[in-house]
Amino acid sequence: MARAAPALTRPQTLRANIGLAPLLAPPEPHGRLWVLQALRAQHPAGSGFSLWLSFGGRGLCYCRVAQTAFLLGPVQESGGCGGAPEQSLRGGGAGRAPEAFLLSLSLSKAQLMQAAAARFLHLAGPGSRLSYVEINISKARMAALFSTLPFADKSSLMMMMMTISILNVAVSVNNDHSSKNRETADVVSGNGSKPFPWDKMRLPKHVIPVHYDLLLHPNLTTLTFTGFARIEITVNQQTSSVILHSKHLQITRAAIQRRMGNSHTEEEVMVLEYPPFEQIALLAAFPLHVGQNYTVSIEYSANLSESFHGFYKSTYRTQEGEVRVLASTQFEPTAARMAFPCFDEPSFKARFSIKIRREPKHLALSNMPIVKSVSVANWLVEDHFDVSVKMSTYLVAFIVSDFKSVSKMTTSGVKISVYTVPDKINQADYALDAAVKLLDFYENYFSIPYPLPKQDLAAIPDFQSGAMENWGLTTYRESSLLYDPEKSSASAKLWITMIIAHELAHQWFGNLVTMEWWNDLWLNEGFAKFMEYVSVSITHPDLKVEDYFLGKCFDAMEVDALNSSHPVSTPVEDPAQIQEMFDDVSYEKGACILNMLRDYLNADVFKAGLVQYLRKYSYQNTKNEDLWNSLAHTCPAGDTQESQLQGDGFCTRNQQTSSSAHWTRREILDVTTMMNTWTLQKGFPLVTVTVKGKTVHLHQEHYMKGSDSSPSTGYLWHVPLTYITSKSDTVQRFLLTTKTDVLILPEEVEWIKFNLGMNGYYIVHYEDDGWDALISLLKENHTAISSNDRASLINNVFQLVSIGKLSISKALDLSLYLKHESQIMPVFQGMNELIPMYKLMEKRDMDDVENQLKGYIVNLFKDLIDKQSWNDEGSVSERMLRSSLLLFACARKYQPCVDKAEEYFMKWKESNGTLRLPNDVKTAVYAVGAQTIEGWDFLFSKYRLPWFNTERNQIEVALSISRNKDKLQWMMDQSLLGDVVKTQDLPYIIVFVAKNPSGYHLAWKFLKENWNKLVQKFELGSASIAHMVIGVTNQYSTREQLAEVKEFFNSLDEKSSQLRCVQQAVEIIEENIRWMDINFEKIKIWLKNNM
Ligand SMILES: [Zn+2]
């Protein structure tokens, strides 16, 4: 939709210069002017012509030379433009013929005004005005123009020229007969006053892309690329402009092709750009009719991106030390527009035919397999990829590199390949086998075949996130894909398997069925996260992934408990807001509420609903309710329970068959209503349980941290409660849909435990002596409940301290049982709750209590630490537990651990790094070794070697634990440079340094000083930026620190200061201050009594 044209404003100065006069001096400027200088554009036919336009309003000057517009700089005081072209801002298509423009204006003053307004003014936005137009046309051209006109038109042309002059539009004739070029009339727009025919961030739906033909030619030497995009479009509503996305692309030519009878005619079109919205507009000289076929062609060039998104440069060093360059893509969410002009919104699905030009020594990969390769020149090959399935732009991918690959077939004949830099191809086998198994699993689970003939998994040396699900060409950080059985840790194995499971799940959830808009990103990410656990628990049962699921829910609750949280489904518009959706709420909370729903519906019903959803919406886009409808229309197939599909589409069943009256009620499984309470409101419920005899009183409220945020009374959830009691370990179920409710137990019980296995996304408070009963149970017989139930009790008890429902001494009382704990999740959860307590104290002058607390925690886990063998034996969870415990013990200077680690480090150093250390204790050994300068230097010398590539992250942890401030600073500086330490690791390194008592000042200073660089590299709103902001500040707990953090972020531009992670950081510090005020003295007393 084009905006209505504003009225043409008459300028104050009138100039009565008539037609064929010599070049006029420019009129007096009216304040600041927009000046556009259209100079000699290359055009096959025509004569010399140039056009100057100046618009009222504030802004920048543009100069157009040979189809490229240059930013000249701000409009000067005089109102004019000066200076040399300094920055190429945009490209534009060769415009329409200027004489046609003249003639279209020539009939009457009214028509002139209308046409001028239509052609130019509406592009400049409301409030701007056409104040000066100078048309410079060669005498020959003007004579030719005149000679072709009938007399009536001649006189109207004269009239027009007078009118133009009166309107301060000067027409002059130059004497440049030699010019063979016809200049183009064109308008560049781009200031803040919306000088563009479209004023919304979202694209209009008038024009729908059907097919993209892309030709890309990256040059890995000059680090630039050229592109040619032909986009076939359908028109839904008559329009004369095509609005699409483009960012940092130099457009050199644009045209629209239409069918005229049996032939095609192609006309060049004007291109306008509106950088704030990353949009361009192609202005057709003819209307685009509904139902007709058109093809938009755009030629362009650009630089390979220096960041991690768009079509970007990546480098790596070979074993021999040679630096090699490759080019890869990362488009999600809004960076496809940096590689080709496109309709860059997920609901504009289309097919893609991609061609890539490359040097013969390289290979090109894309979503589809290559159908043919053509030699364009001796030094240039053009690969033609098969036409893709219908998909969103953010899933397009291509890579030009010198990668090597290994391949295998799945049982259904899909070719799976893993690509890496040549030196690491021996680390690709684990991923290859995992991918084959997982793709087989998903095809089977979803009962929908994977639609492409191949799936490539490529490890990219520079990669911001963990991985990306591009259809048919998933891309990964090297540490997310490459596994060395000799050198990788157990947690690396788990991580790699989960990531592959995640990206392959996306091939259905996300790629086949896509959220309509980014507000429902969780439909992609929550599902993929959830499916990681569903698939890996079956394909890799030895990893026991189901045990770790609840950790995701704890992570989600951490941010979801803050006032700055947001509903799973949240309106978003601009790229930074879209980036912010890639957070724990979309991923972790999304996964947790799906898991809760599956537990409620049962696994079979849930799966049947998902399959129905995927089938129904294949190659389409969906909203929240489409999912709920699919799930609700699937009947539960309970073994002894009756199920039937009612007329209203809802299933009913007997929820329980217990004797209690409550359970015999037939409840409608209204999935939509229930799930809306989890996706449309932020936060989660705290369910308070009070047992009086056989009666259990239930009460739900919004759990929210922070003193000044009184719990909102409007919040209500449909909570699918589960519980067991001291009398029955059969899981009982109850759907709490009201603020309060009552359960009647068959008999009195000693204890009751709600939220079995933490399958529900809520926390529970046990009133009266409820907690005491559970604490005694843990102390006396902790294995009476599952390890995940124990972990959830540890989590919940500390959560309740935060909101003042329990005292810290009660939580610490509970923690005492950990002395007898040996399972990974309760131990991890215990550490997760206790360690941050002394971390707060480390950043303040509280040594006494800090050391006592450290001593308490070490003592709590001492028996378990002593039991650890220093090798790689055992299950994955045993190995991960060992790795974490030993790192903790050594970092806490537990002497037996330090002695052993020192001994290992010495031997390893003496062997010059050739001694094979057990993989799971390496981090502890390195961390101890790096405590001396020599040890640190030696470790770093190894870090640089390709041989230690798989251990880079472990070494980074160890190097960042150093107490030497210079070393810490140096690490951060190096990772920003990105030569020795990869910039992709910078967010982690900064946060490691921030956790270090010697480094937290440095990390904060570094973050502040390099904010602009970091945002440029990692993008505003990205998870990497959020990780740094929160990771650096979340252990602050003083008012001074709070003020400092606030001051810094307030000093930034609005977009930065409004970031959600900034609000979270502030809330977390406020919460820490409150927490310390209330609990510090109590901890001191408790420790005195219990040590
Ligand atoms: Zn994902």
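This is a predicted model: local features need pLDDT of at least 70, side-chain atom pairs count only at pLDDT 80 or more; totals for chains, interfaces and linings use all residues.
Strands of a sheet pair through backbone hydrogen bonds, either parallel or antiparallel. Strand 8 and strand 9 pair in the antiparallel sense, over 12 bridges. Within this pair, Leu 214 stands opposite Ala 229 of strand 9.

| Strand | Residues |
|---|---|
| Strand 8 | residues 207-219 |
| Strand 9 | residues 224-235 |

**The core**

The largest nonpolar core holds 320 residues. Phe 340, Ile 500, Phe 754 and Trp 1011 have the most contacts inside it. Helix 31 (residues 1060-1090) gives the largest share of this core, 13 residues. Leaving aside residues up to four places away in sequence, Ile 500 touches Ala 431, Ala 434, Ala 435, Leu 438, Leu 457, Tyr 476 and Leu 481.

**Helix 16**

Helix 16 spans residues 808-815. Its buried residues are Ile 808, Ala 811, Leu 812, Leu 814 and Ser 815. Why do they lie on the same side of helix 16? Because they cover an arc of only 155° around the axis. What covers these buried residues? The cover includes helix 14 (770-781), helix 15 (787-802), helix 17 (824-842) and helix 18 (847-867). Helix 31 is also part of that cover.

Notes
Residues are numbered from 1 along each chain as its sequence is written. Side-chain values use heavy atoms; hydrogens and water are left out. Two strands pair if DSSP finds at least two bridges between them. Helices (H or I, at least four residues) and strands (E, at least two) are DSSP runs, numbered from the N terminus. A nonpolar core is a set of buried Ala, Val, Leu, Ile, Met, Phe, Trp, Tyr and Cys residues joined through side-chain atoms within 4.5 Å. Buried means under 20% relative accessible area, exposed over 50%, partly exposed in between (1.4 Å probe, protein chains only). Contact means heavy atoms within 4.5 Å. The arc is that of the directions from the helix axis to the C-beta atoms.
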